[in-house]
Amino acid sequence: MIEPDYIFECSWEVCNKVGGIYTVLSSRAHTLTAKYGDKLVYIGPDLGNNPVDFKADEGLFADWKATLPLNLRVRTGRWRAPGKPVVALVDFKTFFDKRDSLYYEMWEKFGVDSSHAYGDYDESCIFAYAAGIVIENFYNYYKLENKNVIALFNEWMLGMGALYTRLHVPKIATMFITHATTTGRSIACNNKPLYSHLDAYNGDQMARELNVLAKHSLEKQTAMFADCFATVSEITAEECRRLLGKAPDNIVPNGFESGFVPEAGAAYDTARREARKRLSQVVAALTGNEVAEDAFFVCTSGRYEYRNKGIDVFIDAINKLRGADLEREIVAFIMIPAWVYAPRDDLKYMLVTEPVKAKNAGVANEAGLQTPFITHWLHNMQSDTIINYILSLGFTNKFPDNLRIIFAPCYLDSRDGIFNLSYYDLLTGMDATVFASYYEPWGYTPLESVAFGVPTITTDLAGFGIWAKSQLSGNDVSEGVAVIHRTDDNYFDVTDAVSANIRYLMKISSKADVRDAIRRNCFRIAEKAQWKHFITYYQSAFNNAFEYSINRTKK
């Protein structure tokens with residue numbers, strides 16, 4: 001195995017949380033930093049702000065930075081993530097005047113067609129170009145020609161960085177990682193059947209039809225020219241084969257770093273009590289009725305992709321439980337960031353000044369607020385898909401209903417104004433999670449759930465779900481993970497299965513010893529997915545990239 005002397009990893013989500021890639025990189029950093037120390041350098045965009053997860057240290061590589069040209073501005077520091085890895089944030093805005101020459105070079109040398117670009121394409125590609133220049137400059141200044149240097153580029157946004165590096169610093173091994181194909185995601189987002197028609201789709205044709213041709217072209221050509229092309233699961237590998245015309249060289253599944261999970265025992269119990277207390281306070285203030293102490297808390301979370309992430313399935317599954325003879329009260333939380341306007345002032349007032357009295361048997365408390373299922377006001381609320389579907393189903397969250405549904409449409413970073421706890425803090429208070437994904441290359445949210453001791457329900461269209469099925473039966477949620485079979489055509493079967501699993505778990509987990517056993521099962525499956533085990537997939541990919549680059553540069 002050829003070991004790297006230096007690793008550069010570039011992503012739009014370095015110190016910039018947008019989605020799951022942030023978690024991939026920040027959690028993996030601990031394992032890589034333990035092995036490579038400050039020879040591991042993350043490169044992210046300098047967006048002109050002061051990220052809370054970035055600790056500046058201008059002394060890092062000060063000698064190199066003093067030699068940089070005036071238009072290459074780099075801030076150095078450390079990522080406030082496990083391992084505290086080195087970070088270089090690059091101001092890419094100074095390179096926009098190079099756009100046309102860059103696009104021409106990418107077309108001439110690699111066949112990347114940027115003629116249909118729009119939206120975030122320019123910004124992403126100029127950042128990728130700037131990242132490539134940073135790597136080139138660093139490499140030349142520190143004279144790394146005789147070192148094993150590898151550069152990792154995540155998603156199509158960094159494709160031009162990989163291609164620039166291949167062209168201008170050919171001795172650096174390049175690795176391109178796609179976490180989801182642009183065209184595959186677009187097919188799914190546009191309510192077209194992806195899996196049953198995958199063999200029939202032409203990637204270029206579908207990209208043109210769905211108006212993502214520039215991104216698709218960049219992704220496809222980067223996959224072709226990178227020394228190692230990787231993706232995160234077998235299900236996405238098949239997508240790459242069909243839509244990009246290139247099978248990945250390696251599959252690098254996403255692991256998890258458990259260092260910030262409360263330890264089992266007193267610390268975990270305390271964290272769980274605090275989370276349930278805060279969740280109950282918010283629900284009570286919003287709806288006007290106290291939450292039962294043994295209420296069953298279930299949630300879904302992640303990116304606002306209504307169909308892809310199974311948000312529609314979750315709401316329908318919860319709706320199926322309404323009116324049922326439930327053994328316990330249910331509160332269902334949708335923790336999906338949306339276009340937030342502001343935390344509700346009336347809810348903040350209730351939380352501070354008006355503690356909700358316990359409901360009396362058969363008597364409704366009229367203290368509930370208007371629209372008692374949303375915690376933050378949104379821009380264009382009348383157009384929000386989740387709100388409209390909840391309303392169409394007739395949810396009122398009023399007593400004596402034994403089931404309430406709550407939409408928390410904010411980033412839960414402990415500063416949201418209502419919960420003021422992080423997502424992970426609140427996750428500890430859940431009894432179950434549901435991620436009934438239709439399109440999910442990996443699926444960090446169910447993995448995070450079991451890592452925090454919370455059983456989860458997912459599908460076999462998620463990479464994590466497929467992996468979990470290789471470790472356990474997937475047929476019994478008490479194992480920690482229930483994996484539901486999902487296709488293009490069995491939506492209602494999936495909905496029924498989610499409802500049945502929630503109902504089953506609610507029944508069996510009323511006893512403390514059963515809850516403890518389920519929690520241990522969750523921890524057991526999560527331990528198998530830690531980065532200390534999964535990092536070997538990356539080491540194999542590094543080796544492949546080096547071997548290919550060595551052969552390439554000999555020609």
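Here are some questions and answers about a predicted model.

Reader: Let's start with Arg-307. Which side chain of opposite charge is nearest to Arg-307?
Author: Arg-307 sits in the loop between β10 (296-301) and α11 (311-321). This residue is buried, yet has no salt bridge. A salt bridge would need a nitrogen-to-oxygen distance within 4 Å, and the nearest side chain of opposite charge is 4.6 Å away. That side chain belongs to Asp-488.

Reader: Is Leu-40 buried or exposed?
Author: Leu-40 lies in strand β2, residues 40-45. Leaving out residues up to four places away in sequence, Leu-40 touches Ile-7, Ala-29, Leu-32, Thr-33 and Val-86. Its relative accessible area is 0%, and anything under 20% counts as buried. So Leu-40 is buried.

Reader: And how far is Leu-40 from Ala-66, C-alpha to C-alpha?
Author: Along the chain, Leu-40 and Ala-66 are 26 residues apart.

Reader: Now for some helices. At what angle do α4 and α5 pack?
Author: Helix α4 covers residues 121-141 and helix α5 covers residues 159-168. Their axes are 7 Å apart, and α4 passes α5 in a right-handed crossing. The packing angle is about 35°.

Reader: How many residues of the contact of α4 with α5 are charged?
Author: On the α4 side, the contact includes Tyr-121, Cys-125 and Glu-136, while α5 brings in Met-160 and His-168, among others. Sorted by type, the residues of this contact divide into seven nonpolar and four polar, and the charged ones number one.

Reader: What about Val-494: how far is Val-494 from Ala-317 in space?
Author: Val-494 lies in helix α17, residues 491-508, and counts as buried at 1% relative accessibility. Not counting residues up to four places away in sequence, Val-494 touches Val-313, Ala-436, Ile-484, His-485 and Arg-486. Val-494 and Ala-317 are 177 residues apart in sequence, but C-alpha to C-alpha the distance is 8.7 Å.

Reader: What is phi of Phe-61?
Author: You'll find Phe-61 in the loop between β3 (54-56) and α2 (62-65). Phe-61 counts as buried, at 18% relative accessibility. Although not a glycine, Phe-61 has a positive phi, of about 55°.

Reader: Is Ser-414 buried or partly exposed?
Author: Ser-414 is in the loop between β14 (403-407) and α14 (423-427), and has a positive phi near 75°. Its relative accessibility is 36%, and buried would mean under 20%, exposed over 50%. Therefore Ser-414 counts as partly exposed.

Methods:
Residues are numbered from 1 along each chain as its sequence is written. This is a predicted model: local features need pLDDT of at least 70, side-chain atom pairs count only at pLDDT 80 or more; totals for chains, interfaces and linings use all residues. Side-chain values use heavy atoms; hydrogens and water are left out. Helices (H or I, at least four residues) and strands (E, at least two) are DSSP runs, numbered from the N terminus. Buried means under 20% relative accessible area, exposed over 50%, partly exposed in between (1.4 Å probe, protein chains only). Lys and Arg count as positive and Asp and Glu as negative; His and the chain ends are not counted. Contact means heavy atoms within 4.5 Å. Axes are lines fitted to C-alpha atoms, for helices over the stretch in contact, and angles run from 0 to 180 degrees between N-to-C directions. A crossing is left-handed if the near helix is turned anticlockwise from the far one by less than a right angle, and right-handed if clockwise. Ala, Val, Leu, Ile, Met, Phe, Trp, Tyr, Cys and Pro count as nonpolar, Asp, Glu, Lys and Arg as charged, and the others, Gly among them, as polar.
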